[in-house]
Each structure stands twice: as structure tokens, then as C-alpha cells.
Amino acid sequence: MFVGLGGTGCRVGVELERRLRDELCGPDGMDLIKNLRWQNYQPYELPSCLQFAYVDLNEDELGRTRRRVVPSEKDFAAAGRTAHLIHDVVPRFDSYPEVARSLRATLGDYVKEWLPPHEGEPQLAPLMRGAGQLPTVARAALFERMRQGVQPVVRGLDDAIGAIANSASELAALGGRLRRACDVFVAFSVAGGTGTGLFYDYLHLIGDAFARSGFQARIYPLVVMPSAFTEGKGGGRRARLNAGAALLDLFRLVDDQNAPHAGTHVDEMGIAGELGVRYPVRGDTRLRTGTVQTAFLFTLPPGVEREDLHRSIASLVVSLAGTQPRLPGDGTEDRGDSSFADDFINRAVEREVQAASGIGNRGVSTSYVSSMTVPVEELADLVASRLLARAVTQLESVPSESNIEHIRRLFTTTNLEELYTREPLPTPEPRPANGVTEIQKALGNRLRAMEDNLASLERRLARTVPEMADQMDVRRGMLEALGEVDPLRLRRVVMGRGGDVHEVERIGFAGLIDQRRAQPVRPYENMTEAPPHPRPMRDRLLRKVQWSDPAVRASINDQDEWYRWRSRVLWHKAWSDQVARWETQRQRLIREVREFAEVFVEHAATDADRFPQRAAELYETRVGVYHLLPPAGADAFYDAVLRRLVDIFVARQILRPTDGEAAVVRVLLGPEGWQDACTVARRAGKPAEALSWVRDRLKLEVKKYFKDQDEAAALGEGPLLPPLADLLARAAAGEADDPHVRQFQLKLADLVPGGFTPDGTGDLKVLVSYPAAAKDPELERYLKERVYLPGVADFRNIDADSVTVVQVRTSMSVTQVRELREVLHSWADALRDEQPQDNLKWRQRLGYDFGYLATTERHRVRILHRLLALLWNGQVDVAEGEPESPSRIRITVEGGSMTLPLTGYARASSWASMLRAYEQWVIGGDEEFRALLSERIMNSTPNGLAATPIRPDPLYTLVTGMAADQLGLLEIMMPKLPSGARSRAEQLTAFWAHTLPAALDLPFERVSDAVAYNLRELTTMVEG
């Protein structure tokens, strides 16, 4: 299961989902359907044993996540079966002050420890756009949604867990089995507001949700550090302050999960740690011990882009989740509920051991991931973009075409067919007559019938034309026309085109509609509104005029032409009278057709420059994410793809060998492609969405042919992009003639650059995953020879088409990782000297009463125990000030010394600040000297402890003997202090009343045959 918190978590999840869909579903989304027909998968649907949940205050980010994980909107339903967007963290209130006021009024007991008072609170709104890089704001929004219980914010988690619980048959079909433990990867950054504010709660809520379902969750936080963000784009001082407070909370939780005391609390869910969170209705929620044993920190290595870091995190998850557990011997033994991730990450570690400096335990892990993949998505996008651009250029040129029939059909589909024909009312023909008198009488009757019809037509048009104008449906007409023509031809159909063409084609549909309101052209120049007179005719002596005579037929024709013209005059007048009804629709059609076509024309105009730029970016050297690209270059690869598509479609008898991009695009989009693009644009209200849809559709279609082997073999060719598994096997077998294999060998040598190792000084683990159906010693031997591996590697075959090297440093303390130490130092500096824009109270989750920096009371007791031993030995001197309250002390151990600045508080002694000063010194730099000295300090014992103890130094006696006086002084001071200053006095009181006595009573460790049990007993024995 993957859970993405905040914008960073969502983006990592998108990369992971897309990667898994490429591997499992194939380019057309059909692979699982073909291989597991009985499961009734939809295209691009992932197996239900893989579940994703996304949480963000920013509704736009969640919307982008939904759109990016699948190729198109029609695949949303398939994605929705495994991806759960948790919108319910957005409260009903629009601003943070409203949320905070509501929480104080309704959940006071739940939030009083961490929700700051209203003085100086940020006026952040609207919350649906995010937490404004303030973690406390995000947590407040979460608790506001939980006022009636946690259900709204965990519903998606429960649905995901339920799907996993019912996935036994799918797992079996995929070669696995359902276990009672589940690996959960939770990705977030500690630089922003939402992820930083929500991670602590969601770690507890995820663990609790699994426990209630009878599963053991093994949660692996994937933490993106502030170095991944630049100043002004999520990075800088605010990001470092967020990270400092967040990582302290995170690793206190990890220490609680790993410490020897863990497991002393038992509830209905089992053995749990000491730390927990109290939620409305749900009550105290604690994680089972061992649920969160470590957290992975991802810093940004030099030369790595943030998007590539997201991809490398996704590669880590694929490598860990896509690998079978470590099996002894031949691999046939079942390790029960242990997953490979659990085995690889948690095997042979010492996270429960206290750090050498005494500050925390060793729960920190860092990781770098190097992966080689074929960038199918990027190549498909590059090819699809050029394919579309060149197709548009071809479609834009005016070919030898006739659009008259398309214009006529457009009148029909817009409900204006009668306006196109403008048919007169039918006139009954008289019986043929002979003789001038009878013929003229018949022609007169005919003309009177025409005049009557014209009057009837005028009345009819007055009634029907307004209805026709109202029912004019240009959107339907445009949509149906796109089923027959492309957008560029539709523009010519609607708006006309130049050249020596028929007038109807020249002015187009829109021009013809407008022309229908003008006076129609007279059939001949001297025609008037008065009916025409019959042509001259006369009877002869032996022959009367016949109805079929030319003069009679000419008179009839004159009447017909006049009648048609007069009918059209009435049509045009009636249409002109309704211009207010239809002109808006006409202009709308012109605008929509022009805008729809223009986005494609603009794309074609810019792609010529964009293609080489994007190709250069794709081919540039990267660190961490390596692309195995076509060796001949992007231009040659495009030409090869185009040739392959034409050859395939020619073989299918769809295209001719001479056809180009325009014909290929028509086939790839299908008969309804342009219509679908138009529908998408209308739904979004943005013509540019049509361009995105068409590019995505073309990208999807061309991807199908990149790795196709069947149709390629029928043409006597190999796949356009050979699978990495084939390249690896051929390279290991010594084949080097193929340029793809040669390039693979070169890229493999660069996969792990020298010095590319995770931050920190902990033990290094290396996992190499390679594409193969089964474990292959020969392939592993080849990889050992070709890839620089900084340690002993664990090799695993996976189904994914990638070669990945995962490096993990683990079992480290918070002071062993450079960037972690730096952000803690920034946090400590801000606590000493807060700037107005720091808003420190709103950068925490668990409490704004800041005391010690990085230690818990248990750690402080142990550290003070060792410092008291040094005081006993006389290894602590007063460098400045009076012994009762020095301003600086010097601690000397074998190999060097350290100086700590101490600070008093009014008349209270400065000795109580010794632990804070030690914390600051430990995180103040990354020199090996500091690590050496702090380790020596934490191994100090009174001299002679296992033989004849020496008497304590007077300074030891002074410090340990002043507790009663200091407590009395603080008791007097406390009532006089302002409320905001009492926390410091309370910290000093805790030092003298609790920490010091506990340090004196702490048993000596790692000393055999000690003459006393603890310092208090030793003092009594020596001083009598």
C-alpha cells in the first residue's frame, strides 16, 4: 500500500502508479485482462493487492493526481478501484482562524497542548488551496474534520485495506499469497505544510486502521528533505524550520518503536509503544511496537532534478515491493509473513541502541536509488507531439477537395436544412391547353396560384423561422462534422477558403448563413417583384399554339424562376428578421471552430523548435535516473516509428505506402477521435484541453507499437524499443553488434557514479534488482563486473523492465546525517532568535512549549549521568563565571576538549542549561572530532569504579548539592513570572527535581565488578 501526503507525496504516488501500470497493464492497459481473464479487470486497472491513498488540503493537487495516474478520463473508474483520494481533510471553514476558534470551543482537551493561542495566528485562507507551508494549520484542519470521530479522514484507508484483505485470489494468480502483514510506504516532504503537518497523525491512523482489520502494518516513511526544494519554490528558511521540528517528532516516534522499553503498554490491539495520539471518539491511539522501525530520508544529490528524485523513490518502492522475500538455500523456504522489504530493511540492524552521542537512538535511514529504464512515456510524448504537428501542417494546406457536401450536411445537423434549400411551396400544374386564349388563361391561373402560395409561405415563415432560429444547434453540427472531417478542414467548411472555387466553398457555412439574410440574387437583371408577362405567341391558320411550344415553355420557366426568387426573398426576409436570435450562435460556431483549430495550428508552429529542445533534455546526462534511449537519436527514432506505423497499416490494408502523418493520425485517433477531443474541450471550457487529449491519445497509441514484437516480426523487424531483459541477456552473452546492446553496456557502467552514496555514516546495504523471469547467476556476475557497487550487493530478479541499484544506510542517529543535522541546527538557532516571519508555534504538531531540542527525558538522564561522571573525575572546569553559575565550562576527555556556553535564568543557576548546551554542541557541526568526543563522553565513568574509587571533585559536590536551594528559588520565582516565561522555569525545575535525581540513581552500565550500583550509592560510599 502507498499513501501520499501533501503535494510531494501525491507526485511520488503518481510516478509509482504510472510505473506499475506500464509494467503490469502494458501500453494499452490490456495485459492483466489477457492474462487473468476471470478477474474482470478494466483496462489500466491494477490488482487490488496494490492500493493507493492520497491526502492533501489542496483540492487542485488531488484533481491533478486523479488525472495523471491514467491515460484518460474514461480510465478514472479503473483507477478508482485502487486509488483513494481523501478529500475530507478540508474543513467546512474557509480560513485557519475559523478552524482554530472552532477547535478551541469544541475540542479544547484534545488540542490544548499543540494549538497555539489566537495571538499572532496566521490569517490563512482559503484552506482548500493548502496549508501555506504551516504544518500546525494542516493538523488543525485535520482535527476539525475529526470532531465527530476519525472516520471521515480514514474512509479511503479502510476501503484500501478492505480491498487488500479480499485480494487473495489475485495474489495467488500473480504468484503470491495473502499475508497478515502489509508493507505501507508513506511519502511526504518535511518542507511544506500539509505533509509535514499530517504525517504524524496518518502514521498512527494507518497503523490503527490495519490493526483493527487484523493486519500488522509495516510502515516505511519516505521523507523528502528540504534540499529538494529551491528558495522561493518551497525551500529556504521556512522549509528548514518545518523539517527541523518534524524530523524530531518523527525520530522520537521511531525510537519509541525500537527502544528496549517498547512493548510495555498493552491495549486491545496488542503490545504498543509509549507514544500515542488522542483523537475524538477514538481516544488514545498507539502504534504496535515495530510498526515504524525507521524512516528513509531523501536528500537531493548534486545534478539530480526533483522530478527525478520522485522517480527514484518510486523505483525504490518497485524494487522492494516487487521482489520475493530472501529465502535461504535454493529459495524454496517460506518466511511466513515477512516481506522482502521487511527482510532487506530490518535485517541485522541495531536501531534500539542509543546513539554514540546519547541523543536519540539509531532509527535514521537514508537512501539513494539509481535506476535504468526505457523512458517509454517521454519518448511516446515526443513522437506523438511531432506526429501531430506534421499531420496538422499537412491538413492545413488546401488540398483538391470539395466541401459543398459537408456544408450541406452542416445545415442538416444544425437544424437549418430548410434554410439551405429554401424550397417554395409546391404549385399544382394546370392541365395542358391549346390555343393562345386557353394557354394564357392557364398561365394566369398558374400565376395566381403562385401568388397565393407566396402569401401562404410568408405567413408560414413568420411562424416557423423564429422556431428554426431558436433550434439552431451549432454545437451539434460541429460535433457531427468532426466525425467526418478534421479540425482544419472543418475550419474551411465553416469559414470558407480562398482560391478559384465555388462561391459556397469560398464563403463557407457561416458566410452562407449570413448571406441568407441579404436580398437574393435576381435570376436576371430586369426581373421585378411584379409577375412576368407571358412570352408573345399567336395561333396560325392551320395550327394553334400548343402547350409544348417553346414560347409556352419559356413563359412557364419565367414564372418558375420568378416564383423561386420571390420565395427566396421571403425566406431571406424572414431569416433577416430573426438575426438577433441566430447571429450569436453563428458567431459562437465561428469562435469555437477557429479556437479549436488554432490550438493545433499553434502546436504545429512551435513543435519544430520544441522537438529538438525536448530531445536534448531527454538525452542529457542525468544522475540517479538513467534513460536508455534509441542510440541513433530522436530524429532517427521518429522516422523509424513513422515507417513502422505506415508499414503496419499498409499490411492491414488501411493505408497506402505513400501516406504520411495526416493519414497515420487519422487511423490512430479512430473515427470518433476528433469528436472526443471536442467534447473534452467543451467540458473543460478550454480548447487547449483538446490538444492535450489528442496528444495523450496519440501517445497511448504509439506506445503500443514501441515494444510490439508480433507485428514487427511479421515485417521482419525487431521491436522499436527492445526490453531491458533482452538487452541484459544479450549483453551478458557477449553480443555487442547491436547498437542497442552497445548503448546498454555503456549506460550500465555509468549507473552508479563514484561517490554516489547515501548521506550519513551508517552501515551501507546495496540491493540490485534486474529484469529476469528467474534468478540468474550469470546475469548477476555480469552486473557485478559492469556496475560500480559501493558495498556487497544483494541481487534480486524482478518483473519490472528496469535495472535498479538501491543503497540504504541505516541504524544511524539524528547527528550522523548531514542535512538532518543542518535542519536541526536551523531549528535550534530559530528557537534562540526567532524572526517575525518564522511563526515557530505554527510549525509543530505536538506542542508549542519548546524545551529541549532533540532529547527525551530518558536520553537526558543518560547524558547527565555521563556528564556527572566527568564532574566526579574533575574533567569539567569553569572556563568563565562563578562555579555556582558559570557562563562557560570546559569538558576534557581523552583526545580533546569541548566548551559549552551555559545560560542562567534570573538568579537561578546556569548548571541546569548544561543539557541544552550539549545538544547544541553535538548538532553544531559534522566534524569527526565532535563524534569522537561525544562518544568518549557517553562512555565516561567515575575513575576507579571497578577498583578503588577516587573522591569526587568539589565541582561535582557543588552541582549535585544545590538542587534543594535551586528548587526553593524557582518556587519563589514562579508566581512572579509572566505566563509566557514560565515554561523555562518549569524546565529548570524539572532538571533539579527529576533529571538530576534520576541520573544519580541510574545504574552504571558496561562496567563489570563496579563497587557501587549508581552515583548516589558511590557518593555515600566514598564520603561516608
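Residues are described here as buried when their relative accessible area is under 20%, as exposed when it is over 50%, and as partly exposed in between, for a 1.4 Å probe and protein chains only. The structure is a predicted model, in which local features need pLDDT of at least 70 and side-chain atom pairs count only at pLDDT 80 or more, whereas totals for chains, interfaces and linings use all residues. Residues are numbered from 1 along each chain as its sequence is written, and side-chain values use heavy atoms, with hydrogens and water left out.

Rings of Phe, Tyr and Trp (its six-membered ring) were paired if their centres lie within 6.5 Å, with planes under 30 degrees apart counted as stacked, over 60 as edge-to-face and the rest as tilted. A search of the whole structure on this basis finds 20 aromatic pairs. The ring planes of Trp-575 and Trp-582 lie at 10°, with centres 4.7 Å apart, so this pair is stacked; both Trp-575 and Trp-582 are buried. Phe-991 and Trp-992 form an edge-to-face pair, with 85° between the planes and 4.9 Å centre to centre, and both Phe-991 and Trp-992 are buried. Elsewhere, Phe-2, Phe-52 and Tyr-54 are linked by ring pairs into a cluster.

Charges over rings were also identified, the criterion being that NZ of Lys or CZ of Arg is within 6 Å of the ring centre and within 35 degrees of the ring normal. Arg-180 lies over the face of Phe-215, at 4.1 Å from the ring centre, while Arg-386 lies over the face of Tyr-638, at 5.3 Å from the ring centre.
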